[in-house]
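The following exercises concern a predicted model. Please study the sequence and the structure before reading each solution.

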Amino acid sequence: MQTGRNAPGPLHVAVVGSGPSGFYAAEALLRSEADVRISMIERLPTPYGLVRSGVAPDHPNLKQPMIVYDRIARTEGFSFLGNVMIGRDVTVDELLATHHAVVMACGAQVDKRMGIPGEDLRGSHTATEFVGWYNGHPDHRDRTFDLSQEVAVIVGQGNVAADVCRILAKPVDELRQSDISAHAIEVLAESKIREFYVVGRRGPAQAKFTSKELRELGSVTDCVAVANADECILNEQCEKELAERSNMNATKNMELFRRFADQIASDARRRITFRFFASPKELVGQERVEKIVLTRNRLEGIAFSQVARPSGETEEIDCGLVFRSIGYRGVPISELPFDEDRSVLPNKVGRILEGDRPLPGLYVTGWLKRGPSGIIGTNRADSMETVENLLADFPSLTADPKPGVGGLQQLLEERGVRSVNLSDWINIDSAEVERGKKEGKPREKFTRIDDMLDVLADITCPVRV
Amino acid sequence: MQKQLSHPDLSGLLELDSLNSRGLRPFTAADKVTLGRVKPQDRPKETRLPHIVTDNCQRCRFTDCVGHCPVECFHSDDERLYIDPDVCIDCGACIPACPVQAIYEVIDMPDGYLPWIEINAERSRMLPLIIAKQDPLPTAEARRKELDF
């Protein structure tokens, strides 16, 4: 704890993004023995990233990390600057001029495209749009989804696909007491969807669902999950994959899929059908999606490297809605190098690279560092790794004193940017909780940035932080 | 709490007010900081499927799980780890992080593991929290071999 004695003042670090990876980077910095000040920049007035706007409303447990983040945010030396956007309000260069180091933690914000004809027909949506919509994200709250359709196809077999399917399949009454946005409840209540197809290009042994999510998808009220028994017959390489002890999740998934395949006739109101070995080839329709054409695949290659190859056969599913959930991509940041193939910032264990050379003071963490994999906690280990390297660079970073958050705030004020600080956020948060009370919800989110800022304009007596 | 235990009961530290003004520091191997702790009363009331650390952790204590835990629910004694079921959010991030597959969600645990639920609950409440990965026990590699991982 004495290490800072001869150091030239505190280490000022700007963290861009306030989701899990940003907060865990802040935590690791604040727990270190270095004398650190953190400015966390967030483009929305509200923090917590995908814990707020990604985690499904019927998974309140998984939102509990917000309590952890709240306590990190209240730690001395931490400043929150919401409603501040890189490129619009401030540049990375300016962050670096006012701070010793910048940690990019802005995640992977857009969906991968299927790259097929008809992808942009009406009725074809990304998982991000739908998830953002039901979670009240300002970017997506005005999207429309025509749930008067009877059949929906979900392309992708990961946990986001599971969320999309479950939220659509669940009786809406089971969501009313969650923090799902009111506008979504209204639309979901009128949903006519009866049939879901959840399609994956490889087999049941390669599905990416964690078994916990898959099990949940198989136990939705008044909904039956089915699979095709023939598709659950595994080749030798798949059997090898399942024999591997580290692949326990796939083994558990396989048990579930086989149980779904044994499903006898059911009079449930809704049905989820898992389809494997099928890739989207085309969306067909006049005004809107009317059907999806799938290419049948077979697996080639050895265990754990099996790839889907088209078998030449195709099949069609009549459907009025398609949701694609085949992964996310990071978005390039104009001043920084970008790895187009992996859609991440090129980096070596968190140090951003220009060619082979680390860019002094620039770091990356979370999905923007390693790609969109893992769950909330995965980002904690990842951010600890990035921060470990940042702190190893500490002596070279702190050669010159920097103004830190004060300098940044001055810059923002000069530009007339209304940044949202921690006590502002606490006021927005309290107002949301209050709004939720009459419906028995944990909160009713504000879904427009102006509405969030209006709360602050109305408040005359700021809360104590 | 049983008085003969060498580790103090830390439950008094769980309240935010009892932390110093910069509660996240310092961060040392023997860290007992509880800032990240989720208080049981903050948790939604719903059906719980707790996660448990079981036999394989004994004499390993690799602690990779701790680095992957988003809410700090791991407690440690000299030989192994335990999960506090009141803090665990059942996310499962720790399961694939363990090099010797010591962690299970209760619904998936092997036969005969039932007692581990109570052991985790009991022991976690009386042992100190650990919040970051530490060096494994000196016996860890031998034990990993023995367990064939």
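**Exercise 1.** Is Phe274(A) buried or exposed?

*Solution.* The relative accessibility of Phe274(A) is 0%. Buried means under 20% relative accessible area. Phe274(A) therefore counts as buried.

**Exercise 2.** Determine how the rings of Phe260(A) and Phe274(A) are arranged, and which parts of the chain the pair ties together.

*Solution.* Step one: the ring centres of Phe260(A) and Phe274(A) are 5.5 Å apart, and their planes stand at 10°. Planes under 30 degrees apart count as stacked, so the pair of Phe260(A) and Phe274(A) is stacked. Step two: Phe260(A) belongs to helix α10 of chain A and Phe274(A) to strand β10 of chain A, so the pair joins parts 14 residues apart in sequence. Step three: both Phe260(A) and Phe274(A) are buried.

**Exercise 3.** Identify the strands that pair with β14 of chain A, and describe the two faces of β14(A).

*Solution.* Step one: strand β6 (residues 124-126) of chain A runs parallel to β14(A) and is joined to it by 3 bridges; here His125(A) stands opposite Phe323(A). Step two: strand β7 (residues 151-155) of chain A also pairs with β14(A) in the parallel sense, over 4 bridges, and Ile154(A) has Phe323(A) as its bridge partner. Step three: Leu321(A) and Phe323(A) on one side of β14(A), and Val322(A) and Arg324(A) on the other, are all buried, and both faces are covered.

**Exercise 4.** Where is Asn83(A) found, and which backbone oxygen lies 3.0 Å from a polar atom of its side chain?

*Solution.* Asn83(A) is in the loop between β3 (78-81) and α4 (92-98) of chain A. The backbone oxygen is that of Arg418(A).

Conventions. Residues are numbered from 1 along each chain as its sequence is written. Chains are lettered from A and ligands numbered from 1 in the order in which they are written. This is a predicted model: local features need pLDDT of at least 70, side-chain atom pairs count only at pLDDT 80 or more; totals for chains, interfaces and linings use all residues. Side-chain values use heavy atoms; hydrogens and water are left out. Buried means under 20% relative accessible area, exposed over 50%, partly exposed in between (1.4 Å probe, protein chains only). Two strands pair if DSSP finds at least two bridges between them. A polar contact is a pair of N or O atoms within 3.5 Å; within protein, one must be able to donate a hydrogen and the other to accept it, and residues adjacent in sequence count only if both atoms are side-chain atoms. Rings of Phe, Tyr and Trp (its six-membered ring) pair if their centres lie within 6.5 Å; planes under 30 degrees apart count as stacked, over 60 as edge-to-face and the rest as tilted.
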